[in-house]
Amino acid sequence: ESRRGSMPDAAPGGGQPPKFGKQLASSDKSIRDDAVKAVTRYLRQAHSLTELELSKVWKALFYCMWHSDKRPVQADLAERLSALVHALPAEKRPLFTRVFWRTMAREWHGIDRLRLDKFYMLMRLALRHSLRALCADALDEQSATAFAALLQDGLFASGAPRGVQLFGLDQYLTALRGELPADAAPAVWMALLDPPLLLLGAVADPHVLQRGTEQLLNPLIEAGAEGEAGEEGEAGAGNGEGGEGAPLPRLLCELSERLFDLAADPRTAEANRQALYGLQRRAEQRTEQSGASAARLAEEDAPRPRQGAGKAVGRGEKSRALRGMMSGDARKASGGLKRRSAPAPSNKPRKQKSRHVA
């Protein structure tokens, strides 16, 4: 029997949230379902929702998932709870994501072995839906950086439970490949990859570093070398689009540069430094070995003989300079820069005069 009439109505304008906890934690599935619908109606109007209020809502939703049993029921509920991010006003969606990951980190150690799988499913779907919400708006480097800050504070926080960190490293690349559009810029990819990279630089647990290497960095490096972003057409499938799941090999060039910076950062844990340098060298070697990919980049960066050709040349020079920096010889000796800054022939007599005076 439906009990929707007993559900509290949403507060107009996002006032004090109704008390959903008792209904969401009910052992009666029909009551829990009606409570989730009531939460959805409430969130659609929650323009002034605070972090504290949303924390109370998410705690109730957590226990709604806790009491669900049987795989089909759990899968349906996990999808509905994850999709709540789309019900919120756009300006409140980042807060929803932040509170979700903080809730999972806070409650993680209380999840028993029998309930672990359904919460893994909830986290996997929540990650996918939050990325989907990000891509629904104008996706650029600024919005990607803001989203990455939420993950750095939650899913990839250095103080997050190890199980949460390992989950993120296992699932993140798959989620990015599935949800980001095929034409996402390399800057967007690098902004979104920054939280797990920072975690790998700071984490003291060698198992977390190993998992990040195996599940995130190795696949990216190998995909960059092959000029593909996934296997069996998985990459770039996000939003129903085909093509590459990452702008490669340009992404590999920038990843190599970022790994070098991270390894050289004095804040990086010393035990992780050599591993990051090793990954950076592999990425650099793969970039140099992908001759066909490098040729495609050169063709893309070639100046166009039309109006605005000067700007095209500037972009091409910048891209070629970046690729030059990625080679070991250029980083070691900076030969290209020395040639550009060498004195003109007219300055040679000045050098001889100075030597004679000395």
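Throughout these legends, buried means a relative accessible area under 20%, exposed means over 50%, and partly exposed lies in between, computed with a 1.4 Å probe on protein chains only. The views show a predicted model, in which local features need pLDDT of at least 70 and side-chain atom pairs count only at pLDDT 80 or more, while totals for chains, interfaces and linings use all residues. Residues are numbered from 1 along each chain as its sequence is written, and side-chain values use heavy atoms, with hydrogens and water left out.

View A. With a disulfide taken as a pair of cysteine sulfur atoms within 2.5 Å, a search of the whole structure finds 0 disulfides.

View B. On a 1 Å grid over the protein atoms alone, a cavity is a set of points where a 1.4 Å probe fits but cannot get out, whereas a pocket is an open set with protein on both sides within 12 Å along at least five of seven lines; lining residues have an atom within 4 Å of a point. Grid points are joined across faces, edges and corners, and a volume is the space filled by probe spheres set on the points. The structure holds 1 cavity of 30 Å³ or more, and the volume of the largest cavity is about 60 Å³. Its lining is made up of W58, S82, V85, F96, T97, F100, W101, A126 and S130. Helices and strands are named here from DSSP runs (H or I of at least four residues for helices, E of at least two for strands), numbered from the N terminus. Helices α5 and α6 each supply at least two residues of this lining, and α5 gives the most, with 4 residues. When Ala, Val, Leu, Ile, Met, Phe, Trp, Tyr, Cys and Pro count as nonpolar, Asp, Glu, Lys and Arg as charged, and the others, Gly among them, as polar, the lining of the largest cavity has 6 nonpolar, 3 polar and no charged residues.

View C. At least two lining residues come from each of α5 (93-107), α6 (116-136) and α7 (141-152), with α7 giving the most, at 4 residues. By class, the lining of this pocket has 9 nonpolar, 3 polar and 2 charged residues. R93 is found in helix α5 and counts as buried because its relative accessibility is 19%. The C-alpha atoms of R93 and S130 are 8.1 Å apart in space, although these residues are 37 apart in sequence.

**View D. Helix α7 and its buried side.** With the expected span of a helix set at 1.5 Å times one less than its number of residues, the 12 residues of α7 should span 16 Å, and its end C-alpha atoms are 16 Å apart, which agrees. The buried residues of α7 are S143, A144, F147, A148, L150 and L151. They cover an arc of only 150° around the axis, which puts them on the same side of α7; the arc is that of the directions from the helix axis to the C-beta atoms.

**View E. K70 in a loop.** K70 lies in the loop between α3 (51-67) and α4 (71-82), where K70 has a positive phi of about 75° although it is not a glycine. Most residues other than glycine have a negative phi. K70 is exposed because its relative accessible area is 62%.

**View F. Residue pairs separated along the chain.** G168, in helix α8 (residues 162-179), counts as buried at 0% relative accessibility, and its C-alpha atom is separated by 8.6 Å from that of R124, 44 residues apart along the chain. L131 has its place in helix α6 and is buried, with a relative accessible area of 0%; the C-alpha atoms of L131 and L180, 49 residues apart along the chain, are separated by 7.5 Å. L139 lies in the loop between α6 and α7 and is partly exposed, with a relative accessible area of 23%. From L139 to V188 the C-alpha separation is 7.8 Å, with the two residues 49 apart in sequence.
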